[in-house]
Amino acid sequence: MNFTSIILSIIVAQIPDILLRLYPFSNMISFQRRLLLYFHYFILFILQGIFIYTVYTNSNITITPLFYKKTIAYFQLFFLIISIVLTQIKPLKQLYIFSMQSYYSLLIHSIASISHVFFFKDASIDWQILLQTAIYCLFFLIFIVPLANLFKEAAKTDYLLSKNPFFIILWIVPFLIMYSNVLIYDSSWFSIPVFISRLMLFTAFFLSWKFVLNFIQNEEKISSLEQSNKILDLERNGLKIQIERYYASEKELQIMRHDARHRLHILHLLVEEDKKKEATDLICSALDSYDYTTPIIYCKNNIINSALNVYISKATIHNIHVDIKINLPKQLPIDETDLAVFMSNAIENAIHACLELPYDDRKIKISATFHASKLFLKFENRYFGEIIFDQKGIPISKKCTNKNGFGTKSILSVANKYHGKIYFSCDENWLVLSCLFPITN
């Protein structure tokens, strides 16, 4: 019996499974972390080979198709654990992808095992295992394109979990069904009842997955409408504030026009009496009144200006001083609603942080510029206490331990959508959020 051939066959049979499980997360894993992951996989492959050789050369256990199937099934769990630990991607999501891949691989192995009944029935066990792996890999390559598309859609499962925690059950059930099947593996390569059972299970699982996808698409449409309504509310509230300020300005102007003659008369008397300081104070007071009646325009873009009006008004109500420098064109290079959501959440987070401070320390700085095909945003706010960052440098919400707040998640979502580079930093009780959007055609 050729143990080298058996060990290599088992290892090679697991490689397509590993690559398929990683595919939906390809954009979420850095190059360095991917290299670290592959290194640990390599070590586990070596340990797997040593284990197989040691156990089955020093015991009376016979190598059978059952040994081949269970070794692959159980060692895949170790690869899953390594992936969860090193990638730091949600364990339940990886568990669900793992279950999908296992179902698919099980079906392909069942199809490949048909060949043993007709062609390789009398071959030695090492040749049977080698041929099983070769045929499995061949079928895997044939169906790789539709399979990759199906697994890529699995990345959407995050949406369900964020909307309803009870969908955790959905991620666990396929895993339990899969390994309940593993526990009743038999020692034969192929049997018609087992093949039909696996085909039915895969069909049921596939149909349920398509149902989940359709459900997600409908929920995403609803979420998109909710976001659009939120933007409309922002714009409406912003316009309401602008109209209120306009009417307040009109009333002030009416009073000022009524008082202008009296002011000029007083000013004339002060000049005649050579009271320059009093005359200057009167002029400054009049200028301040005119400035107060001027409508506030932060930005040429109506939606962004409305969002800024709403949240800066909230800051003003809480006695927060806001220093704002906005230099954005009327037509923005990215979706104005996305940018409004980004800026609204950033300012709202800053307001919440300032509320924990005394009135004199409540300060926020906002700047936004667009230059040389780059959009740069910066938000600074004073804060009290200690800010804890996760391993990616993102602040962790005080309300949700070990998690980012919903406002921060929304900010990150917009940044990721436009491939923006986002940075958080702390300096002398100032929390700074900076984001650079590289704008392309």
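Residues are numbered from 1 along each chain as its sequence is written, and side-chain values use heavy atoms, with hydrogens and water left out. Because the model is predicted, local features need pLDDT of at least 70 and side-chain atom pairs count only at pLDDT 80 or more, while totals for chains, interfaces and linings use all residues.

Begin by selecting helix 1 (residues 3-22) and helix 4 (residues 91-112), whose axes come within 9 Å and cross at roughly 140°; helices here are DSSP runs of H or I with at least four residues, and strands are runs of E with at least two, numbered from the N terminus. Axes are lines fitted to C-alpha atoms, for helices over the stretch in contact, with angles from 0 to 180 degrees between N-to-C directions.

Next, show the side chains of D17, L20 and R21 on helix 1 and of I97, F98, Q101 and S105 on helix 4, which make the contact (heavy atoms within 4.5 Å).

Then move to H419, in the loop between helix 14 (406-417) and strand 4 (421-427), where phi is positive at about 55° although H419 is not a glycine. Most residues other than glycine have a negative phi. H419 is exposed, with a relative accessible area of 62% (exposed means over 50%, with a 1.4 Å probe and protein chains only).

Finally, select E428, in the loop between strand 4 and strand 5 (430-438); E428 is also not a glycine and has a positive phi of about 50°, and E428 is exposed at a relative accessible area of 70%.

Note on methods:
Buried < 20%, exposed > 50% of the residue type's maximum accessible area, 1.4 Å probe, protein only.
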